[in-house]
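The sequence and structure are shown first, and the discussion follows.

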Amino acid sequence: MGQQEQWPRVSKFILSACAATFAEMVTFPLDLTKTRLQIQGEAALRQHSHSGGPQAAYRGMLGTALGIVREEGPLKLWQGATPAVYRQIVYSGVRMVTYEQVRDVLGKSEDGSFPVWKAVIGAMLAGAVGQFIASPTDLVKVQMQMEGRRRLEGKTPRVHGVYHAFLKIISEGGIRGLWAGWVPNVQRAALVNLGDLTTYDTVKHFLLRNTSIQDTSLCHGLASACSGLVAATMGTPADVIKTRIMNQPRDMNGRGVLYTSSIDCLIQSVKGEGFISLYKGFLPTWMRMAPWSLTFWLSFEQIRKTMGISSF
């Protein structure tokens with residue numbers, strides 16, 4: 001009996017990881033573009049503070065993407081994809097299983113619906129737990145995504161691969177160094193999942209209860225379109241802070257040189273670049289989350305159906 005109860009959770013973890021890996025590879029170039037945009041303003045401010053240094057030209061989403069292809073090569077659009085896939089396997093697997101577990105524990109209403117407030121609790125908890133566990137892979141991904149830009153600026157490469165990145169981080173900050181930036185990372189994941197899981201779950205079952213739409217790809221597509229937009233809107237500010245904290249250089253003790261905390265990074269970013277800086281990369285974030293969400297949820301639901309597991 002124990003094995004029968006455990007197997008669905010194992011299979012749900014595996015299918016969640018498979019769907020997330022497929023979605024990640026399809027949309028990864030937009031994630032790389034978003035990361036470069038978020039660091040762009042920060043780099044310009046640092047150059048401006050040093051006399052004589054040329055300022056980096058601001059480029060939009062398309063300009064940044066074309067610049068990467070032209071200056072570094074098209075394959076660089078997938079730089080950092082390996083740790084990104086590792087992250088999705090851990091993060092998406094844990095968050096989806098956790099959310100369904102919380103949903104089962106909290107229970108549905110008499111009409112079969114899952115109240116929004118319960119969905120909010122489950123989604124934020126699932127996102128926080130999944131991201132905390134996957135935080136080391138996210139740290140490696142961010143650092144690898146910036147290596148192409150560092151080489152073009154004439155700087156010495158910090159990492160030469162996933163394995164080297166993990167060893168370097170541990171040598172500089174110990175095991176705790178792998179969780180550098182985990183606070184804004186977890187905050188972002190909680191907000192993103194509040195937008196993604198809560199919206200998808202709520203919209204999907206609203207459509208099923210109140211319209212003639214059946215539990216098909218049309219229903220899944222409409223729900224995922226809503227979830228991608230809400231997730232991008234809620235998660236972008238925390239994503240900017242997370243990216244900057246993770247990408248900053250560190251001292252001998254593994255402490256950040258530029259920011260002391262996520263609050264300090266938030267204050268410096270708003271003071272130096274204005275509130276709009278918190279939404280740097282919003283367009284590529286949304287343009288990535290929309291197809292990512294669509295790809296993930298359609299794949300996720302289809303794999304569940306194929307494996308004989310009930311619809312989400």
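## Helix packing and buried charge pairs

The axes of helix H3 (residues 81-106) and helix H10 (residues 282-307) come within 14 Å and cross at roughly 65°. Axes are lines fitted to C-alpha atoms, for helices over the stretch in contact, with angles running from 0 to 180 degrees between N-to-C directions; helices (H or I, at least four residues) are DSSP runs numbered from the N terminus. The crossing of H3 past H10 is right-handed, meaning that the near helix is turned clockwise from the far one by less than a right angle.

On the H3 side, Gln-88, Ser-92, Arg-95, Met-96 and Glu-100 make the contact (heavy atoms within 4.5 Å), and Trp-292, Phe-296, Trp-297, Phe-300 and Arg-304 do so on the H10 side. By class, this contact of H3 with H10 comprises 5 nonpolar, 2 polar and 3 charged residues. Here Ala, Val, Leu, Ile, Met, Phe, Trp, Tyr, Cys and Pro count as nonpolar, Asp, Glu, Lys and Arg as charged, and the others, Gly among them, as polar.

The model is predicted: local features need pLDDT of at least 70 and side-chain atom pairs pLDDT 80 or more, while totals for chains, interfaces and linings use all residues. Residues are numbered from 1 along each chain as its sequence is written, and side-chain values use heavy atoms, with hydrogens and water left out.

The structure holds 12 salt bridges (a side-chain nitrogen of Lys or Arg within 4 Å of a carboxyl oxygen of Asp or Glu). Among them are the following.

| Salt bridge | N to O distance |
|---|---|
| Arg-95 and Asp-196 | 3.1 Å |
| Glu-100 and Arg-103 | 3.5 Å |
| Asp-239 and Arg-188 | 2.8 Å |

Because Arg-95 lies in helix H3 and Asp-196 in helix H7 (residues 182-210), their pair ties together parts that are 101 residues apart in sequence. Both Arg-95 and Asp-196 are buried, that is, under 20% relative accessible area with a 1.4 Å probe, protein chains only.

Glu-100 and Arg-103 are 3 residues apart in helix H3, so about one helical turn separates them. Glu-100 counts as buried at 6% relative accessibility, and Arg-103 is buried with a relative accessible area of 7%.

Asp-239 in helix H8 (residues 217-247) and Arg-188 in helix H7 are 51 residues apart, and their pair links distant parts of the chain. Asp-239 and Arg-188 are both buried. Finally, salt bridges that share partners join Lys-12, Glu-100, Arg-103, Asp-201 and Arg-304 into one network.

Notes:
Helix = DSSP H or I, 4+ residues; strand = E, 2+ residues; numbered from the N terminus. Buried < 20%, exposed > 50% of the residue type's maximum accessible area, 1.4 Å probe, protein only.
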